[in-house]
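Grab a pencil and work through these exercises with the structure open beside you.

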Amino acid sequence: MRKLLLLGLAGLVLGCSPKSVVDPSASRIRIFYNNDLNAYLAPCGCRVSPIGGMDRRWNAMKAYPDESRVLVDAGNFLFKSAQSTDYLAPQWYEQAVGVVEAYNLLHADAVAIGETEFALGVQKFQEIAKQAKFPFISANVYWKGTSKLFLRDSVMIERYGKKIGIFGLFLPSLKLPPELEAKDPVSHAQAMVKKLRAQGADMVIALSHQGYDEDVKLANAVSGIDLLVGASSQSLLQKPDVENDTLLVQLSNQGQVLGMVEYEAKTLPKQRTNFVVAELDGQFNDGPPGLANPMKTVLAVTNLRMTEANKKLDEKIWAAHEGKADGFQTFLSCRDCHNKQAAFQENKRHAAAFLTLLAKKQENNLDCVKCHSVGMGAPGGFTNLNNAFFDAQGKAIPFAKLKDLAHPEPGTDYRANPAAIKPHVARWISSLEKAGVKKAFVSVQCENCHGPRPGHPFDNQLAGTGKVNANLCLQCHTKEQMPAWYDHAGKLDSQALAGAVKAVACPR
Ligand code: HEC
Ligand code: HEC
Ligand code: HEC
Ligand code: HEC
């Protein structure tokens, strides 16, 4: 896997800058490509300088004339992973619709499917795909046991009189829903090249959801593919690779990077005139002067729909967990007996993890809350903000009633300002206590590290060893969220983890 870290290179641009140099001649064709978007509409909230975002992508692409642009995507597009949970499904649905609307606005030409497209099943995929103004394509995915293709195999588009044939491929070893199966990519690619050339394609593009190593093999096995856009291995290629006259390109994930290959239209695809791989960072915050960015509306509406979907979730999900709320005691009870450990933890960023979301106005986004709360998805753990706070009788106190007590301070960044943690957390806890809250499922707490402790300390059978399983940390401290714990190839640095465990280990 070749994953090069772009961080710190502040928007590496090869060739000329996509913003400052706009070619006035209408004779260039610009193929924008992407892969492994994973439903990221906005930059991930967790990094020091977040990169990505559909609004920045719109700004970057709009620097070029509409009629010169092509946009293709090699899949893992609609969802974050191949499986959802009952908590996340409604929000993920709305998010996927938002992703489709964003690509509609960017005039996408074709998207190949990846395995995560089916997180909500085949039927929901079809429902969402119906809202797309671009085709989802795949040349080798069939309805199982039949010779009937699941989607159209390819699409032919035209720019400046030149024909561009685009087809999709899927790696058969990846998981598909039981209704579908993928057949041999190589023979299907050969057939596609033949078919598209026969239809007069000047250029053939493969959207290959197979990973870099398979792409290299494919390019060498099949002649006549001019451009191959990869996906799945998230191998950020800062320069195109050339294999058997096929140009191989691929980006990382989460829509963090913009990729574009530019060709002289007249001689397509013989003469390449530019190649851009650029982090979507702050330099893309503004679009071309005088143009309002309509993507901002798509993002705002999607956010609203996600929040509404999660509100409706309340009763259904909570009913399934009724009576199980005993699983977690939450930190408000632990601190009664373990005040030394509590005082230590209340000075740490974990204790402020929910305040962080409030400051970012993301407290209703379950995709964020799952790592900034306790026990989400586990029986008796966090479900949603109307069932996250309980009084002495075990009755839920909706967050709306506590909101004023939370004193959210917009924009507070606890990483940059650790001195704010202690006073903010202390004020938050005393507000909860004044409001009669006995259990609170927000922020990262004792039981995130020590496990749920029903009956402790009275039930001897549940007494633990006091040791913390460091694997628990990795549920939240993933490669994306905590790059400092992983090397460039994405492998865990066990020393970094051990050091971090020490740093958060409570005093005895
Ligand atoms: C439920 C998810 C979750 C678990 C489990 C978890 N963390 Fe965290 N951790 C977070 C979040 C969220 C933050 C950032 C909180 C904030 O600033 O709002 C964080 C912050 C940190 C920080 C501060 C990072 C920095 O750069 O200053 C350290 C260190 C840390 N965690 C270590 C650990 C260790 C070690 C474990 C396991 C023993 C662990 N965490 C378990 C979610 C988690
Ligand atoms: C997979 C778990 C996970 C998810 C999902 C997650 N976070 Fe985090 N978040 C973390 C961890 C771990 C940290 C600490 C690492 C660090 O600071 O580098 C963190 C840190 C942060 C920080 C920095 C806190 C500070 O004090 O500066 C912000 C802001 C944040 N997250 C917001 C969000 C938002 C908004 C979302 C949803 C879009 C989100 N997070 C989703 C795990 C997660
Ligand atoms: C009523 C007082 C009391 C409360 C409440 C309490 N503990 Fe304890 N805890 C104890 C005592 C006493 C011990 C030492 C006895 C033992 O080791 O079993 C202990 C031991 C521990 C230990 C070390 C041994 C082990 O079992 O792993 C951990 C960790 C711990 N508690 C975590 C928690 C957490 C987390 C909570 C909140 C969910 C909590 N405690 C709530 C009294 C309490
Ligand atoms: C980010 C993870 C994390 C959080 C959150 C956390 N602890 Fe700990 N705690 C540790 C680690 C690590 C140790 C050291 C145990 C070990 O060596 O594995 C520890 C040790 C302890 C011990 C001493 C165990 C012993 O062997 O005597 C107690 C008691 C304890 N924690 C209670 C708490 C309570 C109560 C809270 C909440 C207020 C809390 N912890 C929150 C990670 C955490």
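**Exercise 1.** Which elements do the buried residues of α4 pack against?

*Solution.* The model is predicted, with local features needing pLDDT of at least 70 and side-chain atom pairs counting only at pLDDT 80 or more, while totals for chains, interfaces and linings use all residues. Residues are numbered from 1 along each chain as its sequence is written, and chains are lettered from A and ligands numbered from 1 in the order in which they are written.

Step one: find the helix. Helices (DSSP runs of H or I, at least four residues) and strands (runs of E, at least two) are numbered from the N terminus. Helix α4 covers residues 185-198.

Step two: pick out its buried residues, where buried means 20 or more other C-beta atoms within 10 Å of the residue's own, exposed means 12 or fewer, and C-beta atoms are placed from the backbone. In α4 the buried ones are Pro-185, His-188, Ala-189, Met-192, Val-193 and Leu-196. They sit on the same side of α4, because they span an arc of only 140° around the axis (taken from the directions from the helix axis to the C-beta atoms).

Step three: look for partners. The buried residues of α4 pack against β6 (154-159), β7 (162-170), β9 (203-209) and α5 (212-221), with a contact being two C-beta atoms within 7 Å.

**Exercise 2.** How many residues surround ligand 4, and which are the closest?

*Solution.* Count residues whose C-beta atom lies within 6 Å of the ligand. You get 22, the closest being His-338, Cys-446, Cys-449, Gly-466 and Cys-506. Next, ask who contributes: α7 (331-337), α8 (339-345), α13 (446-450) and α15 (494-504) each give two or more residues. Of these, α13 gives the most, with four.

Technical notes. Expected span 1.5 Å × (residues − 1).
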